[in-house]
Amino acid sequence: MQTISRTGTVTIAVVAVLVLIGGSCAFTYNKLVRLDQNAQAQWAQVENAYQRRADLIPNLVETVKGAAAFERDTIIAVTEARSRVGQVPTGREVTTNPEAFQQQQQAQDQLGGALSRLLVVAERYPELKATQNFRDLQAQLEGTENRIAVERMRYNDAAREFDTARASFPTSIVAGLFGGRFAAKQYFAAKPGSAEPPKVKF
Amino acid sequence: MLAAVALAAAAASAAVPPAPTRWVEDHAGLLSPAARDALDGKLEAYGHATGHQVVVWIGRTLDGAPLADWAVRTFAAWKIGRKGSDDGIAIFILADDRAIDIEVGYGLEDKVPDAIASRIIREVMAPRLRAGDRDGAVAAGVDAVLAAIEGHPWTAGASSASETRRWEGLGFAVLAVIVLIVFLVNPRLALWLIAMTIGRGGIGGGGGGGGFGGGGGRSGGGGARGGW
């Protein structure tokens with residue numbers, strides 16, 4: 001009689017422990033999913049902001065071409081940078097693939113640089129600066145650059161939260177069980193020399 | 001020129017000021033007290049009537065820290081606008097830096113896009129500030145922002161004091177219609193209602209008790225920056 005009840009107790013204890021572990025795993029898995037979804041949603045915001053910038057460019061190019069036809073090189077640089085941006089990979093996979101992420105960041109930064117140069121050049125044409133259309137475009141481009149910076153920063157925060165949770169113990173065990181599903185996310189690196197923002201004069 | 005907002009935490013990041021308790025806060029003495037209170041009342045009435053939160057905050061300087069970055073962090077900390085609708089706008093003015101930054105919440109980006117915010121700064125506020133008309137500049141800027149949200153036309157020269165009166169007028173008109181209907185149904189009830197309303201000193205104004213409290217709204221960095 002005594003032996004049977006002890007086996008019974010042990011069995012119950014083992015089952016209880018298994019249920020606890022299972023429940024804890026499910027809890028951790030859900031947490032990882034939540035953080036992952038958050039980072040993905042924030043990534044979608046970043047790509048929205050990029051798209052917004054790309055959409056402004058045709059209008060800008062037309063406006064500048066009219067008044068500053070001699071600046072062909074700068075205009076062409078912008079158009080080329082924009083088409084390159086259309087060719088690099090986008091979407092969910094970019095956040096976990098270092099190469100794809102790097103490519104996209106580079107392409108977008110190049111576009112940003114080309115736009116910057118175009119606006120600097122446009123400053124030299126008073127008739128262009130005076131047009132309402134150009135001023136509106138300039139305001140929209142500045143707003144978009146600001147949005148890109150804000151969404152990138154928020155993505156970095158979300159990615160860091162996910163990566164930290166994923167790497168810490170014991171969550172890392174659950175993450176490891178599911179292999180590629182919870183791969184580490186890439187971050188935006190600050191551009192060299194970007195710690196000192198250029199003074200913008202109006 | 002495209003402003004490059006630093007991604008790495010800049011060594012000189014200006015601190016976020018404490019959340020405002022009024023709709024208009026002037027820490028630089030830019031506005032006269034009368035103008036500030038009038039504006040505060042108008043924005044409070046607007047907030048109660050429509051739910052959109054438009055806030056004006058005037059400071060002195062950021063000591064060289066990047067304006068857009070500070071404005072975005074401040075808006076995020078104060079959570080202007082209602083949660084879910086994200087319908088908040090903050091007008092930041094830095095008197096010593098001579099800088100203006102209008103931050104627009106996600107929900108109002110279609111009504112007040114960057115181009116319009118930029119025009120309000122450049123065409124409505126900056127000229128008046130350069131001419132020394134500080135009260136007029138801020139009042140006109142606020143009027144232009146409210147007009148843009150409501151979809152009314154606004155021009156650089158216009159400054160309407162009739163906005164607040166319209167909201168209160170609407171409130172009274174609605175009340176009058178309700179009382180009329182009740183009167184037709186039950187005259188005594190209508191008279192009782194009128195007595196209650198007059199006794200409480202009017203409904204349209206809202207009693208002046210409420211201060212400002214952030215509603216949980218968010219912004220994505222939309223808006224415009226400028227100076228004078």
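Me: What ipTM and pTM does the predictor give the complex?
Reply: The model is predicted, and the predictor gives the complex an ipTM of 0.76 and a pTM of 0.75.

Me: And what is the mean pLDDT of chain B?
Reply: For chain B the mean pLDDT is 82, with 80% of the residues at 70 or more. The pLDDT is below 50 over residues 6–11 of chain B, a stretch that has eight contacts in the model beyond near neighbours in sequence. Residues 158–165 of chain B also have a pLDDT below 50, and that stretch has eight contacts beyond near neighbours in sequence.

Me: Let us turn to the sheet in chain B. In what order do the strands lie?
Reply: The order is S1-S2-S3-S4-S5 in chain B; these five strands form an open sheet with mixed pairing. S1 and S5 of chain B are the edge strands, each pairing on one side only. On average, neighbouring strands of this sheet are turned by 10° against each other, direction ignored.

Me: How many bridges join S1(B) to S2 of chain B?
Reply: Three bridges join S1(B) to strand S2 (residues 53–59) of chain B, and the two strands run parallel. Within S2(B), B:Val56 is the bridge partner of B:Val24.

Me: Which helices pack on the sheet?
Reply: Helix H5 (residues 132–167) of chain A packs on the sheet and touches strand S4 (99–105) and S5 of chain B. The direction of this helix makes about 140° with that of S5(B). Helix H1 (residues 33–50) of chain B also packs on the sheet, where it touches S1 and S2 of chain B. The direction of H1 of chain B makes about 155° with that of S1(B).

Me: Back to S2(B): how many of its residues are buried?
Reply: Seven of the seven residues of S2(B) are buried. On one side these are B:Gln53, B:Val55, B:Trp57 and B:Gly59.

Me: How many bridges join S2(B) to S3(B)?
Reply: There are seven bridges between S2(B) and S3(B), which run parallel. B:Gln53, for instance, stands opposite B:Gly88 in S3(B).

Me: A change of topic: how many aromatic pairs does the structure hold?
Reply: It holds 13 aromatic pairs over all chains. One of them joins A:Tyr29 and A:Phe182, edge-to-face, at 5.6 Å centre to centre and with 75° between the planes. A:Tyr29 lies in helix H1 (residues 2–67) of chain A and A:Phe182 in the segment after helix H6 (171–177) of chain A, so the pair ties together parts that are 153 residues apart in sequence.

Me: Are those two residues buried or exposed?
Reply: A:Phe182 is buried, at 1% relative accessibility, whereas A:Tyr29 is partly exposed, with a relative accessible area of 24%.

Me: Why is the pair of B:Trp23 and B:Phe212 edge-to-face?
Reply: The ring planes of B:Trp23 and B:Phe212 stand at 75°, with the centres 4.9 Å apart. Planes over 60 degrees apart count as edge-to-face, so the pair is edge-to-face.

Me: Where do these two residues lie in the chain?
Reply: B:Trp23 is in the segment before strand S1 (24–26) of chain B, and B:Phe212 is in the loop between helix H6 (187–199) and strand S5 (219–227) of chain B. The pair thus links distant parts of the chain, 189 residues apart. B:Trp23 is buried at 4% relative accessibility, and B:Phe212 is buried at 9%.

Me: Which residues form one aromatic cluster in chain A?
Reply: A:Trp43, A:Phe101, A:Tyr155 and A:Phe188 form one aromatic cluster.

Me: And what lies over the face of A:Phe162?
Reply: A:Lys185 does, at 4.8 Å from the ring centre.

Me: Finally, the backbone. What is the phi of B:Asp63?
Reply: Phi of B:Asp63 is near 55°, a positive value in a residue other than glycine. B:Asp63 sits in the loop between S2 and helix H2 (67–78) of chain B and is exposed, at 68% relative accessibility.

Me: And where is B:Lys79 found?
Reply: B:Lys79 is in the loop between H2 and strand S3 (88–94) of chain B. B:Lys79 has a positive phi of about 55° although it is not a glycine, and it is partly exposed, with a relative accessible area of 42%.

Technical notes: Residues numbered from 1 in each chain as written. Chains lettered and ligands numbered in written order. Predicted model: local features only at pLDDT ≥ 70, side-chain atom pairs only at ≥ 80, totals over all residues. Heavy atoms only, no water. Phe/Tyr/Trp six-rings, centres within 6.5 Å; stacked < 30°, edge-to-face > 60°. Helix = DSSP H or I, 4+ residues; strand = E, 2+ residues; numbered from the N terminus. Buried < 20%, exposed > 50% of the residue type's maximum accessible area, 1.4 Å probe, protein only. Lys NZ or Arg CZ within 6 Å of the ring centre and 35° of its normal. pLDDT = per-residue confidence, 0-100. Contact = heavy atoms within 4.5 Å. Pairing = 2+ DSSP bridges. Axes fitted to C-alpha atoms, helices over the stretch in contact; angles between N-to-C directions.
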